[in-house]
Amino acid sequence: MEILTGMQSKQPELIMQLSVWVTEDMELQDLYRTGVFEQNMRGAINAGIRVGAYIVTQAVNTEEAVEEASFIVEKCRGYNVTLPLAIDVEWAGNSYEEGRANSISASTRTDVINAFARTVMNSGYTAMAYANKDWFENKIYSGNLFSSCKIWLAQYRNTEYTYGGRVNM
């Protein structure tokens, strides 16, 4: 669970992790079925906290990105989701070899993000891409992302941002 501080709101905000890829054959672990996601969403909303959700992607093509986006949209229906639905495209696993999407090209990764974002936006939600500075500069063609897709930059230091691209939080 990530606490957001960059949305410029006086109301508390959360974006909760919805699911992770956990098995060798890339079976989607549905945290919704365990009740964790549902319990956290209800609890946050009941406490007056604005919510969104993110998914740690392992999509290696646009078809899988649409599947992941459809999954997160479906799980968020029925909740008052006012923050973005995000795709986290950073490393998966403990090594380069572990995450199946770790080695896709910047062009493919950009296409994956855009397919996810298009699906989320067509469903009436705000889309967001999450990655660190290195990924936005070297592993994603950031200038080719949809302008309506928000950017969540992970650059956690006590210094000013050094990333030169657009950032929403």
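This is a predicted model: local features need pLDDT of at least 70, side-chain atom pairs count only at pLDDT 80 or more; totals for chains, interfaces and linings use all residues.
Let's start with the helices. Two packed helices are described by the angle between their axes and the distance between those axes. Here, helix H3, residues 62-76, packs with helix H4, residues 106-122, at an angle of about 35°, and the axes are 8 Å apart. Their crossing is right-handed. So who's touching whom? On the H3 side, you'll find Thr62, Ala65, Val66, Glu68, Ala69, Ser70, Ile72 and Val73. H4 brings in Asp111, Val112, Ala115, Phe116, Thr119 and Val120. Sort that contact by class and you get 9 nonpolar, 3 polar and 2 charged residues.

Okay, on to empty space. Rolling a probe the size of a water molecule over the atoms shows where it is left. In this structure there's 1 cavity of 30 Å³ or more, and the largest cavity holds about 60 Å³ of space. Keep an eye on Val112: that residue of H4 is in the helix contact, and it lines the largest cavity too. Others in the lining include Thr57, Gln58, Glu90, Arg109 and Trp135. The lining splits into 6 nonpolar, 3 polar and 2 charged residues.

The structure has 2 aromatic pairs. One of them is Tyr54 with Trp152, edge-to-face, 6.2 Å centre to centre and with 85° between the planes. Where do these two sit in the chain? Tyr54 is in strand E4, residues 50-56, and Trp152 is in strand E7, residues 150-154, so to speak distant parts of the chain, 98 residues apart.

Methods:
Residues are numbered from 1 along each chain as its sequence is written. Side-chain values use heavy atoms; hydrogens and water are left out. Axes are lines fitted to C-alpha atoms, for helices over the stretch in contact, and angles run from 0 to 180 degrees between N-to-C directions. Helices (H or I, at least four residues) and strands (E, at least two) are DSSP runs, numbered from the N terminus. A crossing is left-handed if the near helix is turned anticlockwise from the far one by less than a right angle, and right-handed if clockwise. Contact means heavy atoms within 4.5 Å. Ala, Val, Leu, Ile, Met, Phe, Trp, Tyr, Cys and Pro count as nonpolar, Asp, Glu, Lys and Arg as charged, and the others, Gly among them, as polar. On a 1 Å grid over the protein atoms alone, a cavity is a set of points where a 1.4 Å probe fits but cannot get out, and a pocket is an open set with protein on both sides within 12 Å along at least five of seven lines; lining residues have an atom within 4 Å of a point. Grid points are joined across faces, edges and corners, and a volume is the space filled by probe spheres set on the points. Rings of Phe, Tyr and Trp (its six-membered ring) pair if their centres lie within 6.5 Å; planes under 30 degrees apart count as stacked, over 60 as edge-to-face and the rest as tilted.
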